Amino acid sequence: MTIDSKPLFGKVALLGIGLIGSSMAYAIRRAGLAAHIAGYTRSPESLEAARAIGFADTLHDTPEAAVREADFVVLATPVGAFAQLAQSIAPHLKAGAIVSDVGSVKAAVIHEVGPHIPAGVHFVPAHPIAGTEQSGPEAGFPELFDGRWCVLTPPAGTDPQAVETVRTFWRRCGSEVEIMDAKHHDLVLAITSHVPHLIAYNIVGTAADLETVTQGEVIKYSAGGFRDFTRIAASDPTMWRDVFLNNREAVLEMLGRFNEDLTALQRAIRWGDGEALFNLFTRTRAIRRSIVEAGQDTPAPNFGRSRARKP
Ligand code: NAP
């Protein structure tokens, strides 16, 4: 057995087994990263669905039971539930265990979770930048993290060995790993993820409220661009509510910039400044090209949607 195929942990506990938690379970199995995968979910429906699929070795309806004897514990519920979870599991954590998370915001998570982590347990916050608009235990798949970035934001003073172990974990799940300051992470993600989601939620909401253009027309002619926003705007409402409530400052800062730039575009349209519009659209087209070149999306036309028509 080579080092890279050895289990990294005896037991991993995934607290939350929706899209991200269940995908982690698949990736852990695929890479042989743990001898035992324990999952926690709060609802009987999700517990039953996870049991039927079988991606975990044991399933629990309390987080305390899931973390018993675990070497690696991952918080994978919506961010708003992390503080309560951390408080509940704290007395049950094994000495020397590593606690991590997958939350989409980092400074608030460190602030909320950090104080509950007992002495002798390491806390290494993480954010896999990978996802879909689906949620729940049926949504997961083993390749979700392949070729995607995972950002670790260890607070100052975190045990370097624990950080290294979490880095190895995500690498073996298929990700590339970067270490970043939590506040910087939140600013970067505000513009690359949080504000784009807000724009999608807003435009779909505006279209739904229009009275002069009917909803029937909005749906019928959605291939003009609207439907690409609806994919993002179908993302989980609880998760995204918690993202905006916990990354308030960075999102508001980026929205300020966004509004200024939108006003400039509005002015260009009003005054017929075609050159300004053309120049911006040329720059943005190049950004799309670099995302494809970086392997972060497919160059397939129409986002890879099949051209086949249903019979
Ligand atoms: P999800 O599919 O909706 O699954 C959420 C899981 O958390 C379920 O097991 C759910 O249990 C449980 N849960 C929900 N609310 C809870 C609460 N109040 N207390 C205890 N458990 C609760 O969510 P997800 O997409 O996997 O997201 C999980 C985390 O990953 C979030 O923190 C999110 O910020 C982060 N993340 C998401 C994405 C993405 O694109 N989705 C990408 C990167 C990171 P029940 O089903 O039993 O209610």
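Leaving aside its neighbours within four places in sequence, which residues is Leu144 in contact with?

Analyst: One caution before the details: this is a predicted model.

Leu144 touches Leu19, Ile20, Ser23, Ala130, Gly131 and Thr132, once its neighbours within four places in sequence are set aside. The residue sits in the loop between β7 and β8. Despite that loop position, Leu144 counts as buried because its relative accessibility is 5%. There is also a link across the sequence. Gly174 is 30 residues from Leu144 along the chain, yet their C-alpha atoms are 8.5 Å apart.

Now the strands on either side of that loop. β7 and β8 belong to an open sheet of three strands, ordered β7-β8-β9, with mixed pairing. β7 (126–128) and β9 (176–179) are the edge strands, and each pairs on one side only. On average, neighbouring strands in this sheet are turned by 20 degrees against each other, ignoring direction. β7 and β8 (residues 149–152) run antiparallel and are joined by three bridges. Within that pairing, Ala126 faces Leu152 of β8.

The cysteines come next. What does a search of the whole structure find for disulfides? It finds zero. Cys150 is in no disulfide, and its nearest cysteine sulfur belongs to Cys173, 8.5 Å away. The cut-off for a disulfide is 2.5 Å between the sulfur atoms. Cys150 is buried, at a relative accessible area of 0%. Cys173 counts as buried as well, with 0% relative accessibility.

Next, the ligand. It is surrounded by 27 residues, and the closest are Thr41, Ser43, Ser46, Thr77 and Ser104. In the side chain of Thr41, an N or O atom lies 2.6 Å from a ligand oxygen. For Ser46, a side-chain N or O atom is likewise 2.6 Å from an oxygen atom of the ligand. Ile17 takes part through its backbone: a polar atom there is 3.0 Å from a ligand oxygen.

Six of its eight residues are buried, so α4 is largely enclosed by the rest of the structure. Those buried residues are Phe82, Ala83, Leu85, Ala86, Ser88 and Ile89. The strands are β1 (9–15), β2 (34–40), β4 (72–75) and β5 (98–101). The helices are α3 (63–67) and α5 (107–113).

Asp242 is placed in helix α10 (residues 237–246). Its relative accessibility is 4%, so Asp242 counts as buried. Setting aside neighbours within four places in sequence, Asp242 is in contact with Pro78, Val79, Gly80 and Ala81.

Back to the starting point. Leu144 is a loop residue between β7 and β8, and it is buried at 5% relative accessibility. Its contacts include Leu19 and Ile20, along with Ala130 and Gly131.

Key
Residues are numbered from 1 along each chain as its sequence is written. This is a predicted model: local features need pLDDT of at least 70, side-chain atom pairs count only at pLDDT 80 or more; totals for chains, interfaces and linings use all residues. Side-chain values use heavy atoms; hydrogens and water are left out. Helices (H or I, at least four residues) and strands (E, at least two) are DSSP runs, numbered from the N terminus. Buried means under 20% relative accessible area, exposed over 50%, partly exposed in between (1.4 Å probe, protein chains only). Contact means heavy atoms within 4.5 Å. Two strands pair if DSSP finds at least two bridges between them. Axes are lines fitted to C-alpha atoms, for helices over the stretch in contact, and angles run from 0 to 180 degrees between N-to-C directions. A residue is near a molecule or strand if one of its heavy atoms lies within 4 Å of it. A polar contact is a pair of N or O atoms within 3.5 Å; within protein, one must be able to donate a hydrogen and the other to accept it, and residues adjacent in sequence count only if both atoms are side-chain atoms.
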